[in-house]
Amino acid sequence: MKFVTMMALGCGLLCAAAPAHSQAVGAGPAPVRILIAYASATGHTEQMARAVAEGAKQAGTAKVTLKRVADVSEADLLEADAIIVGSPVYNGGMAATVKAFIDRWPFEKLHDKVGAAFVTGGGLSSGEELAQMSILSAMLVFRFVIVGGDTALAPFGASAVVEEGKPAKARGVDAAALDKARGLGARVARVAARLRAD
Ligand SMILES: Cc1cc2nc3c(=O)[nH]c(=O)nc-3n(C[C@H](O)[C@H](O)[C@H](O)COP(=O)(O)O)c2cc1C
């Protein structure tokens, strides 16, 4: 009887000392939230966006939201641990709709979010990396932590060249570009989870 009373008392003390936010055993950490926001007029960048989402979901630890830039709310931006922005290359840079999207981000509220970029362009040396860098440099202004792609062939994020050097029937986003996109999503999910654990 005495033993039972002591156990009950001990448990009472321990339970009272446990922090209110502690998770139930086995519940695991909350998923990282990844927002993928993109513009796409003819579908190439959208294909890449879907592959980025696939990659981000691979580990099963991320909650992924995929939206066109016009549909992204401020709440979407604020609740995301990572924001991955995709754009077609227009005249050597990001599309105007993507720039307008970034220009309405709330300043000082996105500090330390993980950021990454992906683009699709028609030609080689026609602005792919400039478009990626223009997205990433805007993210740096907002003090994001920038993440590139998962391999040495995608250092600035994922990209696809959809026309130049391809016969007419092979035009579009190829398997290698989709792999880079999946790799980008997976790496962002990994890095965002590590940063949140710190
Ligand atoms: C207005 C306009 C400007 C473009 N400028 C470039 C360019 O500077 N460099 C390039 O490589 N491709 C350029 N392109 C081609 C697109 O970037 C390419 O077709 C892209 O994959 C389109 O993406 P989407 O299918 O997601 O709309 C341009 C296309 C348009 C419509």
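Let's start at the ligand. The shell around it has 19 residues, and the ones that come nearest are Ser 40, Thr 45, Pro 88, Gly 121 and Ser 126. By class, the shell is 13 polar, five nonpolar and one charged. Keep in mind that this is a predicted model.

Now the overall fold. The protein has six helices and seven strands. From the N terminus, the order reads α-β-α-β-α-β-β-α-β-α-β-β-α. There are 198 residues, and 37% of them count as buried.

How do helix 2 and helix 6 pack? Helix 6 covers residues 175-197. The two axes are 6 Å apart, and the angle is about 45 degrees. That angle is why helix 2 counts as oblique to helix 6. The crossing is right-handed.

Who meets whom there? From helix 2 we have Met 48, Ala 51, Val 52, Ala 53, Glu 54, Gly 55 and Ala 56. From helix 6 the partners include Ala 177, Leu 178, Ala 181, Arg 182 and Gly 183. Further partners from helix 6 are Leu 184, Gly 185, Ala 186, Val 188 and Ala 189. The contact divides into twelve nonpolar, three polar and two charged residues.

Gly 122 sits in the loop between strand 5 and helix 5. Is Gly 122 buried, exposed or partly exposed? Gly 122 has 15 other C-beta atoms within 10 Å, so it is partly exposed. Across the sequence, Gly 122 and Val 89 are 33 residues apart. In space, their C-alpha atoms are 7.8 Å apart. Set aside neighbours within four places in sequence, and Gly 122 is in contact with Val 162, Glu 163 and Glu 164.

Ser 125 is in the loop between strand 5 and helix 5, with helix 5 being residues 128-141. Ser 125 is not a glycine, yet its phi is positive, at about 50 degrees. Ser 125 counts as exposed because it has 10 C-beta neighbours inside 10 Å.

There is a positive phi at Glu 108 too, at about 70 degrees, and Glu 108 is not a glycine. Where is Glu 108? Look in the loop between helix 4, residues 96-103, and strand 5. Glu 108 has 7 C-beta neighbours inside 10 Å, so it counts as exposed.

On to Gly 93. This residue is in strand 4, which is residues 93-94. Gly 93 is partly exposed, because 17 other C-beta atoms lie within 10 Å. Which residues does Gly 93 touch, not counting residues up to four places away in sequence? They are Gly 127, Leu 130, Ala 131 and Ser 134. Gly 93 also pairs up for a distance check with Gly 121. The two are 28 residues apart in sequence. C-alpha to C-alpha, the separation is 9.8 Å. Recall that Gly 121 is among the residues that come nearest the ligand.

Is Met 139 buried or exposed? Buried, because Met 139 has 23 C-beta neighbours inside 10 Å, and the cut-off is 20 or more. Met 139 touches Gly 115, Phe 144 and Ile 146, again not counting residues up to four places away in sequence. Along the chain, Met 139 and Ala 117 are 22 residues apart. Their C-alpha atoms are separated by 9.6 Å.

Notes:
Residues are numbered from 1 along each chain as its sequence is written. This is a predicted model: local features need pLDDT of at least 70, side-chain atom pairs count only at pLDDT 80 or more; totals for chains, interfaces and linings use all residues. A residue is near a molecule or strand if its C-beta atom, placed from the backbone, lies within 6 Å of it. Ala, Val, Leu, Ile, Met, Phe, Trp, Tyr, Cys and Pro count as nonpolar, Asp, Glu, Lys and Arg as charged, and the others, Gly among them, as polar. Axes are lines fitted to C-alpha atoms, for helices over the stretch in contact, and angles run from 0 to 180 degrees between N-to-C directions. Helices (H or I, at least four residues) and strands (E, at least two) are DSSP runs, numbered from the N terminus. Angles under 35 degrees count as roughly parallel, over 145 as roughly antiparallel, 65 to 115 as roughly perpendicular and the rest as oblique. A crossing is left-handed if the near helix is turned anticlockwise from the far one by less than a right angle, and right-handed if clockwise. Two residues are in contact if their C-beta atoms, placed from the backbone, lie within 7 Å. A residue is buried if 20 or more other C-beta atoms lie within 10 Å of its own, exposed if 12 or fewer, and partly exposed in between; C-beta atoms are placed from the backbone.
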